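Subject: Structure handover

Hello,

Here is the structure I promised you. Please open it beside this email and follow along.

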Amino acid sequence: MTKKKAPSGILIEIFARIWSFWGLISFAGTFLIIVIPSLLTKLVKDPKGMWWFISIARIWNWTWLHLIGCPVSVKGKENFAKGQTYVVTCNHNAMLDVPMSAPFIPGPNQTIAKKEFTKVPLFGFYYARGSVLVDRKSDGSRRRSFEDMKAALRKGFHMCIFPEGTRNRSNEPLKPFFDGAFKLAVDTKTSVIPAVILHTKKAMPTHKVFYLIPHPLEIHFLPPISSEGLTTKELKDKVFQIMWDYYKAND
């Protein structure tokens, strides 16, 4: 026999759907305020132009996350050495991880992102500005995106990558990592900064649709890991274990 939900549980479910609607409305409204200034940063030579783009994104997402009751705290910014670029690897539990990641990385950065999202009216232009785009169905596109990520590092941008590829819907701290972020780091002799995002799964559970609950969020940037002398697999395994252990100890 299926147990009936308690009245408090039903109220939470109703509230979470209403709050999710507020999340969409407030996201769209605040986006319309910042989209033109954000796109105008294209007129400024990089990396300064990308620095301005990320700075506007940080203000926007900080504001929006507060509006939906999910204030963000950031730890470990001191691990970014001035004048150095890094491959930043983030765990991925919920859609909230996206506004939690690149905007709060200190300094100009780009994210590897799906090309199909550029088809979204207006938002697609914004999305493309902050991303290295890839069509995952095309081997040629994947090769080009890898070269584009190398070029981004040469420009003085950090590269923000979700090495799990897609959201982690399991009960484990992390899904197995793909090689891309670590091959990039090894090939370019760039250090990796693991970034652990905490509590987004509590605010936006992966098994629920159109559901959002206010909850404080955190992103912690851990000390950089050198890629020197390591193979792609060795670097991947090292970063994976560090992020796994940190997530389990802090979530």
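Glu 13 is buried, with a relative accessible area of 16%. Buried means under 20% relative accessible area, exposed means over 50%, and partly exposed is in between (1.4 Å probe, protein chains only). The side chain of Glu 13 meets that of Arg 17 in a salt bridge, at 2.3 Å from N to O. A salt bridge here is a side-chain nitrogen of Lys or Arg within 4 Å of a carboxyl oxygen of Asp or Glu. Arg 17 is partly exposed, at 30%. Glu 13 and Arg 17 are four residues apart in helix H1, so about one helical turn separates them.

Before you go on, note that this is a predicted model: local features need pLDDT of at least 70, side-chain atom pairs count only at pLDDT 80 or more, and totals for chains, interfaces and linings use all residues. Residues are numbered from 1 along each chain as its sequence is written, and side-chain values use heavy atoms, with hydrogens and water left out. Helices (H or I, at least four residues) and strands (E, at least two) are DSSP runs, numbered from the N terminus.

Salt bridges

The structure holds eight salt bridges. One of them joins the side chains of Asp 187 and Lys 183, at 3.1 Å from N to O. Both residues lie in helix H6, four residues apart, about one turn of the helix. Asp 187 is partly exposed at 36% relative accessibility. Lys 183 is also partly exposed, at 39%.

Another salt bridge links Asp 237 and Lys 233, at 2.7 Å from N to O. Lys 233 counts as exposed, at 54% relative accessibility. Asp 237 is partly exposed, at 37%. This pair sits in helix H8 (residues 232-250), four residues apart, about one turn of the helix. Salt bridges that share partners also join Glu 13, Arg 17 and Lys 208 into one network.

Strands

Look next at strand S2 (residues 87-90). Val 87 and Thr 89 point one way from S2, Val 88 and Cys 90 the other way, and all are buried. In a regular strand the side chains alternate between the two faces of the sheet.

Which strands does S2 pair with? Strand S5 (residues 158-161) pairs with S2 in the parallel sense, over three bridges. Strand S6 (residues 192-198) also pairs with S2 in the parallel sense, over four bridges. Two strands pair if DSSP finds at least two bridges between them. Thr 89 has Ile 161 as its bridge partner in S5. In S6, the partner of Thr 89 is Pro 194.

Surface patches

Patches are made of residues with over 30% relative accessible area and no salt bridge; like charges are joined within 9 Å, and nonpolar side chains (Val, Leu, Ile, Met, Phe, Trp, Tyr) within 5 Å. Areas come from the Shrake-Rupley method with a 1.4 Å probe; for residues, only the protein chains shown count as cover.

The nonpolar patch covers about 690 Å² and is made by Phe 21, Trp 22, Leu 24, Ile 25, Leu 67, Val 209 and Phe 210. Helix H1 (residues 7-40) gives the largest share, four residues.

The positive patch gathers Lys 115, Lys 119, Lys 137, Arg 143 and Arg 144. Lys and Arg count as positive and Asp and Glu as negative; His and the chain ends are not counted. A charge is placed at NZ of Lys, CZ of Arg, CG of Asp or CD of Glu. Lys 137 lies in the loop between strand S4 (131-134) and helix H5 (139-155). Lys 137 is exposed, at 82%.

Backbone points

A cis peptide bond joins Asp 46 and Pro 47, with omega about 10°. Pro 47 is in the loop between H1 and helix H2 (48-67).

Lys 189 is not a glycine, yet has a positive phi of about 55°. Lys 189 sits in the loop between helix H6 (180-188) and S6, and is exposed at 59%. His 199 also has a positive phi, about 80°, although it is not a glycine. His 199 lies in the loop between S6 and helix H7 (200-203). Is His 199 buried or exposed? His 199 counts as buried, at 10% relative accessibility.

Best wishes
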